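Work through these exercises with the model open beside you. Try each task before you read its solution.

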Amino acid sequence: MGRTSNDKKNPINVFVGRNLRYFMDSNDISEQELADGFGIEKESLQRILNGTNGISSVYCNILAMRYNCDMNLIFRGITEDDMIRPDESETEDYDAKQALKESMIRQLHYLADILDILQ
């Protein structure tokens, strides 16, 4: 069954997609090159990059082994709170954008603390 316009993206998938895009840009890896490396169509990679689909352990292994990618980079900024899904009774109220916003705020606080330590 396909996604409907009412489906919400998982904030973890959104984070991973953004971090993967950063890795690709930092290493001059094109979408087509990485899709070929994964053995998938470019459109399938784009669904990972935009957070519609999650990344599999197989693709993580390819990133680590073939592209020397540190998985801490791919999963950085994701907190335990991001991994906890709401109770079934709260599912209708779950707002992925709000969860992403809250997680990004926590990440910014974390980075600000690191900058304070370095000064």
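**Exercise 1.** Where is the place of Phe 75? Then describe its surroundings.

*Solution.* 
Step 1. Phe 75 sits in the loop between α5 and α6 (80–83). Helices here are DSSP runs of H or I with at least four residues, numbered from the N terminus.
Step 2. This is a predicted model: local features need pLDDT of at least 70, side-chain atom pairs count only at pLDDT 80 or more, and totals for chains, interfaces and linings use all residues. Residues are numbered from 1 along each chain as its sequence is written, and side-chain values use heavy atoms, with hydrogens and water left out.
Step 3. Check the accessibility. Phe 75 has a relative accessible area of 34%, so it is partly exposed. The scale is this: buried means under 20% relative accessible area, exposed over 50%, and partly exposed in between (1.4 Å probe, protein chains only).
Step 4. List the contacts (heavy atoms within 4.5 Å). Phe 75 touches Val 16, Asn 19, Ile 55 and Cys 60, not counting residues up to four places away in sequence.
Step 5. Compare sequence with space. Phe 75 and Asn 13 are 62 residues apart in sequence, and their C-alpha atoms are 9.5 Å apart.

**Exercise 2.** Describe how α2 and α3 pack.

*Solution.* 
Step 1. Two packed helices are described by the angle between their axes and the distance between the axes.
Step 2. Read both values. The angle between α2 and helix α3 (residues 42–49) is about 105°, and the axes are 9 Å apart. Axes are lines fitted to C-alpha atoms, for helices over the stretch in contact, and angles run from 0 to 180 degrees between N-to-C directions.
Step 3. Name the arrangement. α2 is roughly perpendicular to α3, a label for angles of 65 to 115 degrees.
Step 4. Find the residues. From α2 come Glu 31, Gln 32, Leu 34, Ala 35 and Phe 38; they meet Lys 42, Leu 45, Gln 46 and Leu 49 in α3.
Step 5. Sort them by class. The contact of α2 with α3 has five nonpolar, two polar and two charged residues. Ala, Val, Leu, Ile, Met, Phe, Trp, Tyr, Cys and Pro count as nonpolar, Asp, Glu, Lys and Arg as charged, and the others, Gly among them, as polar.

**Exercise 3.** Which side chains meet in a salt bridge?

*Solution.* 
Step 1. Know the rule: a side-chain nitrogen of Lys or Arg lies within 4 Å of a carboxyl oxygen of Asp or Glu.
Step 2. The structure holds one such bridge. Glu 31 and Arg 21 form it, at 2.5 Å from N to O.
Step 3. Glu 31 is in helix α2 and Arg 21 in helix α1, so the pair ties together parts that are ten residues apart in sequence.
Step 4. Glu 31 counts as buried, at 16% relative accessibility. Arg 21 counts as partly exposed, at 30%.

**Exercise 4.** Which residues of α4 are buried? Then follow the chain onward.

*Solution.* 
Step 1. Tyr 59, Cys 60, Ile 62 and Leu 63 are the buried residues of α4.
Step 2. They cover an arc of only 160° around the axis, so they lie on the same side of α4. The arc is that of the directions from the helix axis to the C-beta atoms.
Step 3. These buried residues pack against α1, α2, α3 and α5. The face turned away from them carries the exposed residues Ser 57, Val 58 and Met 65.
Step 4. Just after α4, Asn 68 takes a positive phi of about 55°. Asn 68 is exposed, at 70% relative accessibility.

Note on methods. Helix = DSSP H or I, 4+ residues; strand = E, 2+ residues; numbered from the N terminus. Parallel < 35°, antiparallel > 145°, perpendicular 65-115°, else oblique.
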